[in-house]
Amino acid sequence: MASSSQPTQLEVPSPSASVPITNTDTIVPEIDTKSLKKQKKLTSEAWKWFDREDVERVVDGKKVKVVATCKICKRLFDGSSKGGTTHLLNHIRSKHETQKGQKELNATWVGEEQKLEAFIYDEGVSKKKLALAISMHEYPFSIVQHEFFVDFVKSLRPSFPMNSRVTYRSEILEIFKEKNDQLYSLLGSLSCRLSATMDLWTSRHNKSYMCITVHFIDVSWNVQKRILRFKLSDGRHTGLNLAEAVMMSLFDWNVDGKMFSLTLDNDSANGLCVIEMIRRLNDNQALCCGGRFFHVRCAAHIINLVVQAGINAIKQSIENVRGAVNKIKNSPLLEEEFRRRATEVGLDSSKGLSSDVSTRWNSTYFMLRDALYFRNAFKRMHSVDPTRFADLQSNEPWDEVSALCKCLRIFHLITELFSGTSYPTSNLFFIKFSEIKLKIEGWCKSKNTTIANMALVMKIEFAKYWEKTNMMLAIACFLDPRYKMGMIEYYYPRFYRAGGTKEIEEFKKVLMELHKEYALKVENSDTGRQVSGGRGTTVGDNSGMGDEDDEDEESGFHQYMLQRSQLTSLKSDLDHYMERHTISHLQGQEFDILSWWKTEGRDYPILRRIACDVLAIPITTVASESAFSTCGRVIRPH
């Protein structure tokens, strides 16, 4: 028997044998087989763009034990080996541009500088742009299912998903809600007042629509306009119904306390609408000067009434010219001969004649203007064939048409200013309307009975507009630092003769009332902030009642002195502006009045607020009308 000191011999079993080791003196450590397992290397291209983490998370509604996080957008995916990496690669290809080498550049403009950036494809942005294109260009929703349109999109991006028209309809509604929320926040943040235009339009199916547009000057002193309401207008268009519809829109957008003016055409129902709105808004003291400047008559509509009155005065002569023009325009052979006769008398036949629409006076003006140019061509046609255009051979119709065209040209030039897409500020119109008023008064004294008769009718129509609007136009002109009181003092004596001085004093009185009202609002807002701060200090004080009374007395005195100093400076604001010289500006050179008030207007804080509200007043309803039709665009039957 071997001694205990001798080492034990271990018998190595054969691979097939299962013999246990009997040596109990040897300690064999426990081995973790999991730690010895070699971790699989991540070889997929996707892991360049994803971080893999062994953590339990909920991804897309499912619990996963391995999470893959996109390094670019931080979106979570299932990162387990069972799920593969195809979905990860698809995400990178569809959502992020990761292609190596030369990339497509996208040119964008930042101010006046062009900026080049690498184009990055974003499927969500592309889908939103398509939805926006459908709504802005009035494409049918079904365009996303049109065969060749889908084929075109797939040729640009094969992976772009073409969803159904129902999906894009929902997408457009989401964009609409998003824009609505943005506009609501914007209007709520404005410290200025709003001026609105309202217009009605009837479709060919006798459906009436109402459009309400608000105008304002933003913090950067740019004129802005936004459509608050464009929807079907049910019921009769009475003054009360219109007032209710407009007021509800103002309440919906929470701007009923910020209104300054409303521009409407000269319809009688609109007059009742304004009276009712002024009554309701004045209940909350929401209008300036009790609503004196609230109702603005559409200048374009007034000019149309004035011009139509003049046209009716020589209606027969216009009908003779219109008949001759339509006869030539409706006959290709006659038109060809007319061009030949025009060339024979030395006229440029390439200009041609213009047809008109009897309800659009400007088209009538163009028709008469072109016919006057070809007057000798008409005579030549009559000389060749005495049976043609016999009613145009005397000088009387041509003299009447010539006199009318000279008058209409003045109105045409100012209408072009109204209809501009830039929506000019209100300071430009006092001078234009003053010139029209003087022109009409001069025509009334003309020795030409045709012009005198036309002018008398025009004067009656124009007086209705001038009496109710000239004060607002004069205030806007006063806020132009090139003129100040100069234009008022120049035109009023010419309008009112001996009463000119009285009218100037009346203007100054109204201006002072407006300035005082704005000054009090600024004072009250500043006082409110001061009182709020004072109360906070008092509440935090733990001293005795007698000490609080003493502090209240002292605080009240300081508050009184502060208000007194502020009121003194506010009163001198208007005087300070009037005492300074007008700025020099070359005639004919464009002047940016908004930029001037943005920078130089800081010296006149109260007038600056008034200018911000008054200069944004729209003189016409063109902004609302353009929502129905602009540059030939009409609401289509579907």
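This section describes strand pairing, helix packing and aromatic contacts in a predicted model.

Strand β1 (residues 50–59) and β2 are joined by eight bridges and run antiparallel. Within this pairing, R57 has V64 of β2 as its bridge partner. The two strands form a hairpin with two residues between them, and D60 in the turn has a positive phi of about 55°. On the other pairing of β2, strand β3 (residues 76–78) is joined in the antiparallel sense over three bridges. The hairpin of β2 and β3 has five residues between the strands, and K74 takes a positive phi near 65° there.

T69 belongs to strand β2 (residues 62–70) and stands opposite L76 in β3. The relative accessibility of T69 is 18%, and T69 is therefore counted as buried, the limit being under 20%. When residues up to four places away in sequence are not counted, T69 touches W49, F50, D51, K74, R75 and L76. This set of contacts includes K74, the residue with positive phi in the hairpin of β2 and β3, as well as L76, which T69 faces across the strand pair.

A further sheet is open and consists of five strands in the order β8-β7-β6-β9-β10, with mixed pairing. Its edge strands are β8 (223–232) and β10 (295–297), each of which pairs on one side only. Neighbouring strands of this sheet are turned against each other by 25° on average, with direction ignored. Strand β9 (residues 259–264) and β10 run parallel and are joined by three bridges; in this pair, L264 has R297 of β10 as its bridge partner. Helix α6 (residues 239–252) lies across β6 (194–202), β7 (208–217), β8 and β9. The direction of α6 is at about 50° to β7.

Two packed helices are described by the angle between their axes and the distance between the axes. For helix α3 (residues 123–136) and helix α5 (residues 165–189), the angle is about 85° and the axes are 9 Å apart. The two helices are therefore roughly perpendicular to each other, since angles of 65 to 115 degrees fall in that class. On the α3 side the contact is made by K127, K128, L130, A131, L132, I134 and S135. The residues contributed by α5 are Y168, E171, I172, I175 and E178.

N320 is located in helix α9 (residues 315–329). With a relative accessible area of 17%, N320 is buried. Leaving aside neighbours within four places in sequence, N320 is in contact with D391 and L392. K327 has its charged end over the ring of F389, at 5.8 Å from the ring centre.

The search of the whole structure for aromatic pairs returned 32. In the pair formed by Y490 and Y491, the ring centres are 4.8 Å apart and the planes stand at 75°, so the arrangement is edge-to-face. The two residues are assigned to separate accessibility classes: Y490 is partly exposed, with a relative accessible area of 44%, whereas Y491 is buried, with a relative accessible area of 7%. Y492 and Y496 also form an edge-to-face pair, with 5.4 Å from centre to centre and 90° between the planes. Both Y492 and Y496 lie in helix α16 (residues 486–496), where they are four residues apart, about one turn of the helix. Y492 has 0% relative accessibility and counts as buried. Y496, at 26% relative accessibility, counts as partly exposed.

Definitions and conventions:
Residues numbered from 1 in each chain as written. Predicted model: local features only at pLDDT ≥ 70, side-chain atom pairs only at ≥ 80, totals over all residues. Heavy atoms only, no water. Phe/Tyr/Trp six-rings, centres within 6.5 Å; stacked < 30°, edge-to-face > 60°. Buried < 20%, exposed > 50% of the residue type's maximum accessible area, 1.4 Å probe, protein only. Lys NZ or Arg CZ within 6 Å of the ring centre and 35° of its normal. Contact = heavy atoms within 4.5 Å. Pairing = 2+ DSSP bridges. Axes fitted to C-alpha atoms, helices over the stretch in contact; angles between N-to-C directions. Parallel < 35°, antiparallel > 145°, perpendicular 65-115°, else oblique.
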